[in-house]
Amino acid sequence: MEWKIYKEDFDKKAETKLNWLFSEFNKIKSGRPNPKILDHVLVEAYGDKSKIYELANLQVVEGKQILIKPYDKNILHDINSAILKENLGLHPQVDADCIRIIFPSPTEESRKQSIKKVKEFVEQAKIGIRNIRKEVHQKLKGDKELREDELKGFEEDLDKLTRSWNSEIDKHFADKEKELMTI
């Protein structure tokens, strides 16, 4: 077997892990409002569960709040309930035809807590990468067609690939940390 097949397998699984990390990063509040914090919130409306962005227009206004304007005003309270149920630490304010979520400037303590949470997610992602490495390594060792020197070369490539993905995670962590610490 060629290294390319093992690399594609690794990359595919690692990409999934990185996408998971991004979705977790989006759930963490920073000083700036980001509508993506609501991406995973499901609203029960019309006998089905739907994502907020499918039911409403979301926009950042005045740099400190998210404005949610439902396409149908009758589901305004359903959206509000779904946001509160998610326990995101958001305090939506319901107006006549929209919902406002105001993001106060984070305190130093809340920023430190957010960074701590981000570090936990980063560690989970790195553990996931290590598990992927272990899985691919087992496949390499189980491949009876590989000669000893090929196996050694593939193991070195696997280590390089693992380091590459971990440095990618570290880069995104540094970006998120900088975003959280920016006042």
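This is a predicted model: local features need pLDDT of at least 70, side-chain atom pairs count only at pLDDT 80 or more; totals for chains, interfaces and linings use all residues.
Let me begin with strand β4, where 5 of the 6 residues are buried, so the strand is largely enclosed by the rest of the structure; buried here means under 20% relative accessible area, with exposed over 50% and partly exposed in between, using a 1.4 Å probe and protein chains only.

Residues are numbered from 1 along each chain as its sequence is written, and side-chain values use heavy atoms, with hydrogens and water left out.

Turning to the partners of β4, strand β3 (residues 56-61) pairs with β4 in the antiparallel sense over 6 bridges, where pairing requires that DSSP finds at least two bridges between two strands. On the other partner, β6 (residues 99-102), 4 bridges join that strand to β4, again antiparallel. I68 of β4 stands opposite L58 and also opposite I99 in β6. Between β3 and β4 the hairpin has 3 residues, and E62 takes a positive phi near 55° there.

Finally, Q65 lies in β4, which spans residues 65-70, and Q65 is buried, with a relative accessible area of 9%. The Q65 side chain makes polar contacts with the side chains of E62, at 3.3 Å, and R100, at 3.1 Å; such a contact is a pair of N or O atoms within 3.5 Å, where within protein one must be able to donate a hydrogen and the other to accept it, and residues adjacent in sequence count only if both atoms are side-chain atoms.

Key
Helices (H or I, at least four residues) and strands (E, at least two) are DSSP runs, numbered from the N terminus.
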